[in-house]
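Open the model in your viewer and keep the sequence beside it. This tour goes stop by stop, from the whole chain down to single side chains.

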Amino acid sequence: MISFLSYSKKKNEQNAFNVRTKDICCRITDEDMAFDMVYCYDELLKKLDCLSSYNISIVDLLNENGIVAAENVRKKNRNIYMVLIADSSISPTEYIKPTIMASFLLLRPITKEMFETTVENALREYLKNLLNSDSTKKLIVENKGERNVIPYSDITYLESRDKKIFVVAGKREYSFYDTLDKMEQQLGDDFIRCHRSFIVSRLSIKTILFSKNYILLDDESQIPISRTYKSRLKELK
């Protein structure tokens, strides 16, 4: 379960945030999502004792006691990923400080594209950190006496060629003998098959271009999509 806490007095905007956040989560992860909306400072104070159960917060600094609210959120949960909402009326010196430690910033006026990009980045960072902390989510590659342990969060994609599996992790590439079918089962829902020769990390997908039949990854790699697996990818949209 991924839990969001959103603090803003703008109810219509909060409802829109909720819908867009659900869409982003469905595309990136199979984890369930909860999105709690708080509209006034007194409501937020009631949430503070259970704040450790939240993973990502959205705090509107223009709301009642906005700066203090952000400080309280950080004080109660040192690990939460915090997205701040501000505008030009608030000096950055008021919120760029150790007592808040914001992860991301949205400046009004907020467009749909701005919100989606920011929240998607926050979610990706949270999920990558979660993968890093999960000791079971590591790929062990043994080849010619060399043993490499690769966290799932480091893997961009896997390619089958020349009867071997090639794992691309950042600027490094590892190879070993196995089948992509077996790797698909082993890697689970954090990865998706898009071609008989490719599996990609869902966290590394930048955009899916169905009209051109390829996936653009964060590192600008272009991974082909085959007709067989296109329907799976469309479920992520």
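**Before you click**

This is a predicted model: local features need pLDDT of at least 70, side-chain atom pairs count only at pLDDT 80 or more, and totals for chains, interfaces and linings use all residues. Residues are numbered from 1 along each chain as its sequence is written, and side-chain values use heavy atoms, with hydrogens and water left out.

**Stop 1: the whole chain**

Show the cartoon. The chain has six helices and 15 strands. Helices (H or I, at least four residues) and strands (E, at least two) are DSSP runs, numbered from the N terminus. The C-alpha trace spans about 60 × 40 × 30 Å along its principal axes.

How many of the 237 residues count as buried? The share is 49%. Buried means under 20% relative accessible area, exposed over 50%, and partly exposed in between (1.4 Å probe, protein chains only).

Now think about contacts, meaning heavy atoms within 4.5 Å. Of those with a separation of 6 or more, 53% join residues 24 or more positions apart.

**Stop 2: the cores**

Select Phe4, Leu123, Ile155, Leu158, Val167 and Met183. Within the largest nonpolar core, of 39 residues, these have the most contacts. Such a core is a set of buried Ala, Val, Leu, Ile, Met, Phe, Trp, Tyr and Cys residues joined through side-chain atoms within 4.5 Å. Helix α4 gives the most to this core, with seven residues. Another core lies apart from it, with 21 residues, including Ile80, Met82, Ala86 and Ile90.

Zoom in on phenylalanine 4. Beyond its neighbours within four places in sequence, its contacts include Cys25, Met33, Phe35, Tyr54, Val119 and Leu123.

**Stop 3: helix α3**

Select residues 66-76, which form helix α3. Here Gly66, Ile67, Ala69, Ala70, Asn72, Val73 and Arg74 are buried. The buried residues of α3 pack against β1 (2-7), α2 (41-47), β3 (56-60) and β4 (81-86).

**Stop 4: arginine 124**

Move to helix α4, residues 112-133, and pick arginine 124. Buried or exposed? Arginine 124 is buried, at 6% relative accessibility. Neighbours within four places aside, arginine 124 touches Ile28, Arg202, Leu203, Ser204, Ile205, Lys206 and Asp218.

**Stop 5**

The structure holds zero disulfides. Cysteine 25 is buried, at 3%. Cysteine 26 is exposed, at 51%.

**Stop 6: the rings**

There are five aromatic pairs. Rings of Phe, Tyr and Trp (its six-membered ring) pair if their centres lie within 6.5 Å; planes under 30 degrees apart count as stacked, over 60 as edge-to-face and the rest as tilted. Show tyrosine 152 and phenylalanine 191. Their ring centres are 5.6 Å apart and their planes stand at 90 degrees, so this pair is edge-to-face. Tyrosine 152 sits in the loop between β7 (146-151) and β8 (157-161), while phenylalanine 191 is in strand β11 (191-195), 39 residues apart. Both are buried.

Last, find two charges over rings (NZ of Lys or CZ of Arg within 6 Å of the ring centre and within 35 degrees of the ring normal). Arginine 161 lies over the face of phenylalanine 166, 3.8 Å from the ring centre. Lysine 164 lies over the face of tyrosine 177, at 5.2 Å.

Notes. Disulfide = S-S within 2.5 Å.
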